Amino acid sequence: MTRDLYIDGHPAAPDDLAHMALANYGAYTSFRVEDGGVRGLDHHLVRLARQAEALFGEAPAEARFRALMQQALGARRDAWLRISLFSRHITHRDASWVGAPSVMVVVADPPAPLAGPLRLQVQTYAREAPELKHTATFGLMRARRAAKAAGVDDALFADRGGIISEGSLWNIGFLSGDTLVWPQAPMLAGVAQALVDAGLTGVGLRSETRPVRLADLDSFDGAFICNSATPACPVSAIDSTVYAIDPARLDRLAAAYAAADPQPILGSV
């Protein structure tokens, strides 16, 4: 995969990259660019602003985010973008700085969606500040490695009371007939999750959000994961619970996601 990195509109300098590697404090969002537009771009922009305010005390203007994305893309109409927030002024010795963070834009080739079906391992884990898409990913990578070592594909997180939240890099939805159940727990509100949910009525499905316990897994007849790279990937098993794969229902979920038209990066601000 080829990547181009820009920081505040300029090619990334080694000193900036070294700082980001040594002081892992920041947040990001990532998404696919399709013919110059982004599905759920408004959600991503809101996420960036909220994360900047929560972690740095101030957010860059939305127009700046848009301009930096377009500048990094150049003439490319299809790509994968990761927008990261960080500050050179925040170090291990002094983390008190407050202000608008720097913005790094990474442009890469779009990744292929996960094909699945996935087998998941339940792990007792919760991300720090789960409402933020922050760069503290040690726990996520460790969980994924443990799942792979156990012979499955990925990790699904639950708290000590057995309440399910999210996966390593995705949200999970559970299916019961024509009803989609989203877990209610401290977690990251996914953009793909929001887009799928918004399009359900048009494909004859409905949703509800409620606590889902490990003891509830047998009550569902299907499950899937979603993120901005993969709108709907089937889950075939969670530990010993096995789910049948319904391609027609998965197509409806993918169609719900696709109902959200790509929004232009340099649209109205």
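Let us start at a strand pairing: Leu-120 has Ile-238 as its bridge partner in strand S14. This is a predicted model, in which local features need pLDDT of at least 70 and side-chain atom pairs count only at pLDDT 80 or more, while totals for chains, interfaces and linings use all residues. Residues are numbered from 1 along each chain as its sequence is written, and side-chain values use heavy atoms, with hydrogens and water left out.

The elements named here are DSSP runs numbered from the N terminus, with helices (H or I) of at least four residues and strands (E) of at least two. S7 and S14 run parallel and are joined by 3 bridges; two strands count as paired if DSSP finds at least two bridges between them. S7 also pairs with strand S8 (residues 154-158), again in the parallel sense, over 5 bridges. In that pairing, Gln-121 stands opposite Ala-155 of S8. As background, side chains in a regular strand alternate between the two faces of the sheet.

Pro-117 sits in the loop between S6 and strand S7 (118-124), and the peptide bond from Gly-116 to Pro-117 is cis, with omega near -5°. For a sense of scale, the C-alpha atoms of Pro-117 and Val-46 are separated by 32 Å, with the two residues 71 apart along the chain. Val-46 belongs to helix H2 and has a relative accessible area of 37%, so Val-46 is partly exposed. Here buried means under 20% relative accessible area, exposed means over 50%, and partly exposed lies in between (1.4 Å probe, protein chains only).

Two aspartates are also worth a visit. Asp-239, in the loop between strand S14 (233-238) and strand S15 (241-242), has a positive phi of about 50° although it is not a glycine. At 47% relative accessibility, Asp-239 counts as partly exposed. Asp-8 lies in the loop between strand S1 (3-7) and strand S2 (10-11), and its phi is near 50°, a positive value in a residue other than glycine.

Next, turn to Ser-87, in the loop between strand S5 (79-86) and strand S6 (102-108). Its relative accessibility is 3%, so Ser-87 counts as buried. Leaving aside residues up to four places away in sequence, Ser-87 touches His-19, Phe-56 and Trp-97, where contact means heavy atoms within 4.5 Å. A polar atom of the Ser-87 side chain also lies 3.0 Å from the backbone nitrogen of His-89.

The tour ends with a pair of helices. Two packed helices are described by the angle between their axes and the distance between the axes. The axes of helix H5 (residues 191-198) and helix H6 (residues 247-258) come within 7 Å and cross at roughly 100°. Axes are lines fitted to C-alpha atoms, for helices over the stretch in contact, and angles run from 0 to 180 degrees between N-to-C directions. H5 and H6 are therefore roughly perpendicular to each other, a term for angles of 65 to 115 degrees. Ala-192, Leu-195 and Val-196 of H5 meet Leu-253, Ala-256 and Tyr-257 of H6. By class, this contact has 6 nonpolar, no polar and no charged residues.

Within H5, the residues Val-191, Ala-192, Gln-193, Leu-195 and Val-196 are buried. The buried residues of H5 pack against H6 and also against helix H2 (41-56), strand S10 (171-176), strand S11 (179-183) and strand S13 (222-226).

Terms used
Parallel < 35°, antiparallel > 145°, perpendicular 65-115°, else oblique. Nonpolar A, V, L, I, M, F, W, Y, C, P; charged D, E, K, R; others polar. Polar contact = N/O pair within 3.5 Å; in protein donor to acceptor, adjacent residues only side chain to side chain.
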